[in-house]
Every structure is written in structure tokens, then in C-alpha cells.
Amino acid sequence: MSTLKLQSLGKVFGNTAAVEKIDLEVGEGEMVAFLGPSGCGKTTTLRMVAGFVEPSSGSILVGGKDITRLPPNRRNMGMVFQSYALFPHMNVSENVAFGLKARHVPKGEIAGRITAALELVGLSGYEARYPKELSGGQQQRVALARVLALRPQLLLFDEPLSNLDAKLRVQMRHEIRTLQQEVGITSLFVTHDQEEAMTIADRIVVMNKGRIEQVGPPAEIYDNPRTRFVADFIGAANLVEGRLEGDVFQSARGARLDCAPPDFAPTGAPVVLSIRPEKIEILPGAGEGGTPGTVMRATKLGGLIEYVVELASGDTILVQKQDRSPADHLRVGEPVRVSWNTNDARLLP
Amino acid sequence: MILFLVNAIIVLFLAAPILVVMATAFTTTGYPVFPPEGFTLKWFARVFETGEFTDAAQLSALLAICATAIACTLGTLTALGLSRWKGRGQSALSAFVLSPILFPTIVLGLALLVFYSRIGLQGSFLGLVIGHSIITTPFVVRLVMASLSEFDPAVEEAARNLGAGWWRTFFQVTLPLIRPGVLAGGVFAFILSFDELVVTLFLAAPGMSTLPMRIFTFVQYSSEPTISAIATMLIVVWALIGVPLYARFLSIRHK
């Protein structure tokens, strides 16, 4: 068990910086998810920690020890791959034994550790099966058992659930989280799936173009995005361009919208107002209170109804409402008013 | 129906010459005839009477074994290198590596002869081994690259991550997974080398004779069915050893 510390860790491929000098500390037993679009540097970061990519700058410390220059086989880490990466010519028990033998675990101890690891992932009795005789979920459990048997200091997950179908993915997500908490191993989890990151991690690192955009617990990332990118990437958000006129936000098209006071020093430069569609109240009719607008589109999304409202200024606002009764449905072309709690509308530089 | 007929004709064309040669090995006449007249095994005995064929077969086998070993080692390593190197010129380099397949062997033979006389390798066994390795290695490269195309590179990373060094990763993970390609390449290399005539004619010293050379010179001066007997034995040996090997390791994918 160990802490992990990345110090201005960077990777340059040719002329492009895949990862730009990032700093991060991961606490004992913590599960940290790296979330971002493809090409954001999350996988490169993980591969540097694993030792498959040599950093161009910075260092990696595990439990306070600098391991930046150690080859992958001398880092005590267990990695779980998107493709499972089981050895197809070995059965389940041989797959789990491989690492134990490579690390010279005493012969007498190996059988017991295999049994224990397979029990942990719920695959007792599958010892003699070959990978191709197992389902995707079972294969990923074997991959998990294979690394858990080694009692690594660090667990590294590289999009481990992306090859599974949707239902199984949700189930495995919880299994991995439960297991990780049970064994208490510090873990990094790379994913492009925000829901996955939200459910599995203690903290999320949102990455974009090789930089860390924001680090924080899932709720904070969602409710209090610090940058336009995070607001836009995580969940759905209305992002309205404009500027601050004193204390009031004025959109580029001229709408004056309520918002929380900025938590950065206003410079007069353009800002963005960000508000989640489910935080917006929508009222029928052109009356008092709220900003008037017109329903341009109504879409039913399962239990939600999504409205696109065009304000008098021409700005469009996305609103989501629980679909409780057809009587509440708003028709396209109907005049409405939208309003929100000022604290839910945040200004981003 | 038409398909069946076409297939039957193709099989007939492939099999007929082989069957005819085998049949002529048993004729009692002093030259191959078909259908054979009478039945005798004396042509088989004749093969072993003098050392000329057995010595040549031994030399050919030794040569083929050496060339196969070199081709498998070099070919496998080359294929691994080519499949991993994603830099510029990768396709040009693999085309270059595979080019001996397309290169006329007669030109290669001449080129090697000239080159060997400069460096003093002409007429040596080593020179023959090198020549045969040049011819056979590209086939191993090609077949190993084919088996690498369905190889998940993450598997090697997993091995490294689990604590295996380079050697353990190669011998316990990489090699077993590309084994069908290496074995197919090896079988190919062995057959090509055992069968090789053109380059060998250029490079062999006087008095040094591989089996194909021996057969080639023999038919120039003699029409004895001894030659049919040798052909028959080669066919039988190949059918007994080669075909089961082929079926076991190449056509059926292991586990």
C-alpha cells in the first residue's frame, strides 16, 4: 500500500506535448479516476506510471521512493488492460501463477495465493479454463485476480470496462470499487466514461490536451466546474458567452441573466455563464418572474423531458424536467419563463 | 457439380505426375516407363549401393537444418522488429527484407559467387548455409508477421507489469503465441533449402553435392529408374513426417 506522487510529469512525442508537466498526489488507498476525451493524455500518464512510456520530464514517487527510471517489471504495480491481456495459451490458474513465479514467490505459497485471488473475484472452480472459454466479464476478473495475487502497491486500470456491454459494465464498476476498498490498494483508473468515473472514484482528475483541468471529488467536479472545458465535458451544461457589467452578467446577445458572484477577480474580459439544465425552472405563459422565452423544441429522454428555450435575446437555453405527467408538457411555440437559483449559475473565466 | 468436376481435374493434375513417378520406380526395365513392366525393388537398393545419393542427402539435410535454424532465428527477430517499429520507412524496410522472395535466384547465385570469391567463402559449406539462409529467411519473416497481426501487444506489457523480465516475456509469452508462424516458416525454410538447386550450383565446391544437384547431374547422364526410387522415397518421407506436422501445428490453431 502506498501513496503516489507525480511531480511535473511530462511527455513529449516529437513536437507535441502529450502530457504537460502535471502534478498530482494520490493518498493511501485512494481511487483516482483520470477522465477526459481521447488524446487528452490520460492513458499516457498511466503508462508513464506503469513504466511503459518514459517521461520526458518530472518524476514519479511511490511511497516516497522515486521509481521514474525503474523498468516496468521492477515496479510493484498491477495493471488491468482494456483488452484484458490474458495469456491465451495459459489456463486461468497459470495466468494467475505467471506473476507469482516471475516475482519468485516461494513454490509452496503459490497455490494458496492463486486460490485466494480467484476466490476474491468470485472465480473459484475456473482454474482449468482457458481465457477463450470465458466471457468478457470473467476474463476481466481473471485479469484482476492476476494482479491482486501479487499484492501490488498500486493498481492501474486502463479503460478496463470499455469492451464490456453496458449492463455488465455497470455491474463490474461496482465490483471493482468494492474490491478496491476491501483490499485498500491505491488505484488509478483511466476512463472516458464520466458516469464510470463518477461512480468509481474518490477523486476525479479531468484532463484535456495534456493538462489537468480540475481535480476533485465527483460531486464537486459536477456542481462546481472550474473551467469551461469541465463544465462542458461533464454532464450537460448551458454555456452562455458574455461579460460582467458590474455585478450583472450580460450575454453577448444582450440578455441579462442572474448568476452567483464570480470566485475569480473580474478582468473585464469575456466570461461564460454555466448552468446545468436540470437546475432550471420552467414556467408556462408570459407572466411575472423569470426570463421570458419560447419553446423551440421538446424531446422526451426516458424519464426526462428536454426543452430548448429561445430567450428574447436569441440565446438558447437547454432545460431538463422530470416527466411526471403529460398535463405538464409544454408545446413547441409556447411562451415560457425560465429562472434559476442564482447560486446554480456560475461564472467561469 | 461443375465445381466438383473442376476440383477433380485439379486434384488429378496435381496427383497424377507424383503417382506416375512412384509407379515407374518399380519397373523392371532399365528406364522409367508407365505403366511399369513387372515389379522390382532393385532401384531402391541401387540408391543405397554407392554413397553418392546418401552422402548428398546427408549434406542436403545438414544444410537445410542449418539454414532453417538461422532463418527461424533471424526471421522471427526481424518480424518482431518490423512489427514494432512504427517510424518512417517501416514499409520500405519490410519490402526490402522480403525482396529475396521476388529476386531471381540465378542472379542471387551469381552475385553471391562473385562476392564470395572476393572474401574467400567460395565453395565452403558456410557459404552455402548463408546463401540458403538468404533465400529462406523472408518466408519466415512473412509468416511470423502474419501471426503477429493477431497478437495483442498488451499481452507483453501485462507480462512485464506482472514482473517478468525481457527473457521470460519472450520465451513464455511472445514465442508461444507466434509459434504457429515460426513453425510454418521453419517448415517452409527446410523444404526450400532441401530443394534448392540454382544458387547451390553456383556456390558448391567441385565434388560437393546436395541431393538436388546429385539428381540433376544423374539424369543428365543416366535414365535408370533409380531417380524414380529416390523421388518415391522423398514423397513417402514427406507424407509421413511433413504432413502430420503440418496438420498438427499449422492448420489447426492450438487451444
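Guide: Helices here are DSSP runs of H or I with at least four residues, and strands are runs of E with at least two, numbered from the N terminus. The model is predicted.

Visitor: How many helices and strands does chain A have on that basis?

Guide: Chain A has eight helices and 20 strands. Its C-alpha trace spans about 80 × 45 × 35 Å along the principal axes.

Visitor: What does B:T169 touch, leaving aside residues up to four places away in sequence?

Guide: B:T169 touches B:E156, B:A159, B:R160, B:A164 and B:T174. Each is called a contact because heavy atoms come within 4.5 Å.

Visitor: Among the contacts in chain A with a separation of 6 or more, what share joins residues 24 or more positions apart?

Guide: That share is 67%.

Visitor: How far apart are the mean positions of the positive and negative charges of chain A?

Guide: There are 39 positive and 40 negative charges in chain A, and their mean positions are 6 Å apart.

Visitor: Why are β6 and β10 of chain A called edge strands?

Guide: They belong to an open sheet of six strands in chain A, ordered β6-β7-β8-β3-β9-β10, with mixed pairing. β6 (77–80) and β10 (211–216) each have a single partner strand, so one side of each is left without a neighbour in the sheet. The twist from one strand to the next averages 15 degrees.

Visitor: What makes β3 and β8 of chain A a pair, and in which sense do they run?

Guide: Two strands pair if DSSP finds at least two bridges between them. Strand β3 (residues 31–35) and strand β8 (residues 186–191) of chain A share five bridges, therefore they count as a pair, in the parallel sense. A:M31 has A:S187 in β8(A) as its bridge partner.

Visitor: Which strands does helix α1 of chain A lie across?

Guide: Helix α1 (residues 42–50) lies across β3, β6, β7, β8 and β9 of chain A, and runs at about 145 degrees to β7(A).

Visitor: Which strands make up the open sheet of five in chain A?

Guide: The order is β15-β19-β16-β17-β18 in chain A, with antiparallel pairing. Its edge strands, β15 (280–284) and β18 (316–322), each pair on one side only. Neighbouring strands of this sheet are turned by 45 degrees against each other on average, direction ignored.

Visitor: How many bridges join β17(A) to β18(A)?

Guide: Seven bridges join strand β17 (residues 304–311) of chain A to β18(A), and the two run antiparallel. Seven meets the requirement of at least two, so they count as a pair. A:E306 has A:Q320 as its bridge partner in β18(A).

Visitor: Which strands does β11 of chain A pair with?

Guide: β11 (residues 238–245) pairs antiparallel with β14 (residues 271–275) of chain A over five bridges; there, A:E241 stands opposite A:V272. Four bridges join β11(A) to β12 (residues 248–251) of chain A, again antiparallel, and A:E245 stands opposite A:V248.

Visitor: How many residues lie between β11(A) and β12(A) in their hairpin?

Guide: Two residues lie between them, and A:G246 in the turn has a positive phi of about 70 degrees.

Technical notes:
Residues are numbered from 1 along each chain as its sequence is written. Chains are lettered from A and ligands numbered from 1 in the order in which they are written. This is a predicted model: local features need pLDDT of at least 70, side-chain atom pairs count only at pLDDT 80 or more; totals for chains, interfaces and linings use all residues. Side-chain values use heavy atoms; hydrogens and water are left out. Lys and Arg count as positive and Asp and Glu as negative; His and the chain ends are not counted. The place of a charge is taken as NZ of Lys, CZ of Arg, CG of Asp or CD of Glu. Axes are lines fitted to C-alpha atoms, for helices over the stretch in contact, and angles run from 0 to 180 degrees between N-to-C directions.
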